[in-house]
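This report walks through selected features of one structure.

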Amino acid sequence: MAVVTPKPFRTLWEIKDGIQVIDQRKLPHHFEVVNIFTLEQSVWAIKEMVVRGAPLIACTGAYGLYFGLMEAKKTSDLSGILTAIRNSRPTAVNLFNTLDRMEQELSPLQELGEMQKKALALARLIVEEDVEICRSIGVQGLPLLEDIYRKNPNRPVQILTHCNAGMLGCIEWGTISSPIYQAKEKGIPVHVWVDETRPRNQGANLTAWELTKHGIDHTVIVDNTGGHLMQHGMVDICIVGADRVTRNGDTANKIGTYLKALAAKDNAIPFYIALPSTTIDWNSFNGLKEIEIEERHEDEVKYVWGAREDGTIDKVLITPKTSKALNIGFDVTPNRLITGLITDRGVCAANEESLLNLFPEKH
Ligand code: MRU
């Protein structure tokens, strides 16, 4: 059956009594959607990475909270619902920021019906805000790409990215992809080096899929290639996403980001983080010490998923069956390796003072 997606194209949309999301485990081979009607299904979708990417996890969690309240018997069930969602994935702070915000607005309410209505309104608002925030990241980041092209108009702007911080990790636009899509609209030629991003291959599967869909020239590379490209002048700028940026600008993002930042530093290549303001953890001051890093099942390292010639999706074992594997989901790039933060309010240096200049209300 053909999937009817909303226009403009989004990653999460409402249906009667629920939401639909794209099953990101199936991309790029199959475009399938999953229906979510309950709290349990929302938590499952986040844990199993049917949805992933910090902003999209938060939006799914927001609807999960609403579904939980629809199943609840009394207002005091709120805290159990929040705990269930908070226990889904630990590193992306957007989920926690969103749930804290919803809790603050919902907990004073006296009636369950009121809470349900408010939770739905907040989930809808959070989705719409994400769209606008990501669009603004593009507006703020575009001049960086324009500047590179102005200085070297003889070739497309060469951007390297890691994992997927495109629209698939958000609702629309994406974070790293927003300046790229806006550059394309302005006629600035761009080419993206896409790290495949083992173990789950979000770059090869998801970033490559959405860049193809948007007609953006790109090349998938294995995770170890970036350093070589940087040494040979083949990268103008690195732009990656974030799962949590602490007050001082330290950034947790998909495992391997740190190594790209080291290579960029060694080759004097600007290394930027594109992040929505919802990804800032204003309560943490030191990324290495304070960010909880998710560890996932070793099978994600030992097995690789892909499509057979006949289109069926299957997994194959790539290690000896008995070998152990370690699957750490994220690493922290210290602020000293980051050239700047591209936020929805502007571009700033990766430190507390500069962030506070953009977000004075967080003083
Ligand atoms: O494990 P994932 O796929 O959820 O990790 C995603 C990332 O690391 C993204 O870079 C990040 O969430 C930003 S999405 C705009």
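## The β15-β16 hairpin

This is a predicted model. In it, strands β15 and β16 form a hairpin, with two residues between them. β15 covers residues 340-343, and β16 covers residues 346-348. The two strands pair in the antiparallel sense, over three bridges. Across this pairing, T343 stands opposite G346 of β16.

Which way do the residues of β15 point? G340 and I342 point one way, while L341 and T343 point the other way. All four of these residues are buried.

## The other neighbour of β15

β15 also pairs with strand β10, residues 271-274. Here the strands run parallel, and three bridges join them. Two facing positions can be named. I273 stands opposite L341 of β15. A274 stands opposite I342 of β15.

## The seven-stranded sheet

Strands of a sheet pair through backbone hydrogen bonds, either parallel or antiparallel. In this model, β10, β15 and β16 belong to an open sheet of seven strands with mixed pairing. The order is β6-β5-β4-β7-β10-β15-β16.

Which strands stand at the edges? They are β6 (217-221) and β16. Each has a single partner strand, so one side of each is left without a neighbour in the sheet. From one strand to the next, the twist averages 25°.

## Helix α5, the sheet and α4

Helix α5 spans residues 112-151. It lies across β4 (157-161), β7 (237-240), β10, β15 and β16. Relative to β15, α5 runs at about 130°.

α5 also packs against helix α4, residues 93-106. The angle between α4 and α5 is about 145°, and their axes are 10 Å apart. The crossing is right-handed. On the α4 side, the contact is made by T98, R101, M102, E105 and L106. On the α5 side, M115, K118, A119, L122, A123, L125, I126 and E129 take part. By class, this contact has eight nonpolar, one polar and four charged residues.

## Helix α9

Helix α9 runs over residues 257-266. Its buried residues are T257, K260, A261, A263 and A264. Why do the buried residues of α9 line one face of the helix? Seen down the axis, they fall within an arc of 165°, so they share one face of α9.

The face turned away from that buried side carries exposed residues: L259, K265 and D266. After α9 comes A268, whose phi is positive, near 55°.

I280 lies in strand β11, residues 280-281. Is I280 buried or exposed? Its relative accessible area is 1%. The cut-off for buried is under 20%, so I280 counts as buried.

Which residues does I280 touch? Leaving aside residues up to four places away in sequence, they are V93, N97, V245, L275, L355 and F359. N97 is 183 residues from I280 along the chain, yet the C-alpha atoms of the two are separated by 8.7 Å.

How values were computed: Residues numbered from 1 in each chain as written. Predicted model: local features only at pLDDT ≥ 70, side-chain atom pairs only at ≥ 80, totals over all residues. Heavy atoms only, no water. Buried < 20%, exposed > 50% of the residue type's maximum accessible area, 1.4 Å probe, protein only. Helix = DSSP H or I, 4+ residues; strand = E, 2+ residues; numbered from the N terminus. Pairing = 2+ DSSP bridges. Axes fitted to C-alpha atoms, helices over the stretch in contact; angles between N-to-C directions. Left-handed = near helix turned anticlockwise from the far one by under 90°. Contact = heavy atoms within 4.5 Å. Nonpolar A, V, L, I, M, F, W, Y, C, P; charged D, E, K, R; others polar. Arc of directions from axis to C-beta.
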